[in-house]
Amino acid sequence: MKLSRRRMLWTAGVGLGLPWLGSHRSVRGDERPVRPRFIALYSANGMHMPAWTPADLGRGFALSPILAPLAELRDQFDVFGGLHNTAADIDTAGHHATGTAGFLSARQAHRSESALSLGVSLDTLLDPDALALGLDDGQAYGDCDNGFSCAYSRNVSWLDDTTPRPKLADPQLAFDALFSGFDPAATAGERQRRRVTRTSVLDAVADQTEALRVELGQDDGNTLETFLADVRDLELRVEETAPACDAQRPDEVPVDLETHAEVMLDLIVTALRCDLRDAATLMLDNSASDRVYTSLGITRGHHELSHVARALDRTDDLVAIGAWQVDRLAGLLKRLHDTPAGNGSLLDETLVLFSNELSDGNRHSHEDLPTVVAGGRALGREPGRHVVLDADWADLLLSLGHRLGLPLQTFGDHGARILDEV
């Protein structure tokens with residue numbers, strides 16, 4: 001069998017890039033195998049697109065009013081325009097449900113209150129135990145949008161074609177689920193042994209490694225063994241110097257929206273920082289949410305405003321809501337940027353996706369979805385641009401999957417093109 005000179009070992013969400021076989025390259029010095037991570041933030045009811053879209057393209061673009069909270073992080077994210085979710089764009093009513101269902105699956109939801117049919121979401125492909133959080137909970141049964149099950153409107157993370165991942169809105173319950181069996185009083189040595197045993201890349205790809213050994217000649221076999229020994233040594237040294245996972249259980253369920261959001265973002269960063277999860281999602285709203293943002297001085301529900309703001313000359317309210325949502329994104333990116341990981345920050349090893357089930361909430365449009373992709377410098381990205389892609393949403397998810405090391409050829413109902421810009 002002819003071997004590719006560059007290979008990946010892959011299993012259960014773990015990707016390990018091998019050295020160039022035939023040229024003695026391996027991990028050396030203080031380098032560490034990158035552990036790709038993924039976070040998705042979902043917002044609802046569309047955006048006021050005139051206040052979202054930057055006026056110019058490329059690098060150094062001027063931030064729009066809604067994107068202004070990201071000013072201090074402008075070299076850490078891209079704004080992507082021209083994305084359309086074909087799978088969500090049905091001919092009849094139900095666009096909130098289909099857009100939310102297709103947010104991380106890029107598949108068309110089956111119209112039914114009980115007979116669910118969708119597809120595995122991107123976060124689940126990276127991490128089968130991905131963390132799913134929301135600021136609102138609610139039952140996943142009944143009709144929430146013109147015959148579509150509430151499961152489609154209240155979940156973006158899906159375990160398989162028929163099963164949404166249970167979403168947690170109570171921070172205390174989320175903490176307990178996340179840290180089940182975790183002992184913060186364990187010594188550094190105990191934490192090291194426990195975490196290396198659980199998370200070693202080499203253990204995860206052991207079967208593939210054995211199969212590869214059979215294919216290699218002596219020189220490449222020696223290269224592989226040296227590489228694997230280096231990886232194990234680095235894992236142990238990283239664990240020896242890693243900061244203690246000092247997470248604290250939330251004292252109570254927050255009563256105000258801002259505190260609730262901040263606690264949930266803290267939990268996500270903690271989950272990644274402590275190597276408890278590699279993927280997480282946070283729904284800032286449920287689909288078609290009519291939340292009243294009283295803290296912003298707004299007196300009408302968000303869903304209602306998405307339809308009547310222009311007629312009532314209240315588009316400033318939509319801009320304020322959008323900026324509030326983006327400010328939550330900014331807070332997440334700053335946390336990740338300030339958290340060391342590998343040879344950089346946790347943001348460098350993480351792809352962060354922020355978007356919506358719609359662009360224009362009044363017209364229920366799935367065209368030109370408001371999209372930010374941040375982070376990923378250790379995964380080969382160079383963010384800091386405004387780019388119009390003219391591509392399907394499924395192509396974006398496929399491209400993000402490739403950045404994360406997932407061996408995908410297609411994704412969703414229409415994803416078949418890798419976008420170099422992503």
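Q: How does D327 count at 33% relative accessibility: buried, partly exposed or exposed?
A: Buried means under 20% relative accessible area, exposed over 50%, and partly exposed in between (1.4 Å probe, protein chains only). At 33%, D327 therefore counts as partly exposed.

Q: Which residue forms a salt bridge with D327?
A: Quick housekeeping: this is a predicted model, where local features need pLDDT of at least 70, side-chain atom pairs count only at pLDDT 80 or more, and totals for chains, interfaces and linings use all residues. Residues are numbered from 1 along each chain as its sequence is written, and side-chain values use heavy atoms, with hydrogens and water left out. A salt bridge here puts a side-chain nitrogen of Lys or Arg within 4 Å of a carboxyl oxygen of Asp or Glu. For D327 the closest N and O atoms are 3.0 Å apart, and the partner is R328.

Q: Is R328 buried or exposed?
A: The relative accessibility of R328 is 8%. The cut-off for buried is under 20%, so R328 counts as buried.

Q: What is the N to O distance in the salt bridge of D317 and R314?
A: D317 is buried at 11% relative accessibility, while R314 is partly exposed at 29%. Their side chains meet at 2.6 Å.

Q: Which residue has its backbone oxygen 2.6 Å from a polar atom of the S306 side chain?
A: S306 is buried, at 5% relative accessibility. Leaving aside neighbours within four places in sequence, S306 is in contact (heavy atoms within 4.5 Å) with N45, L318, G361 and N362. The backbone oxygen in question belongs to H303.

Conventions: Polar contact = N/O pair within 3.5 Å; in protein donor to acceptor, adjacent residues only side chain to side chain.
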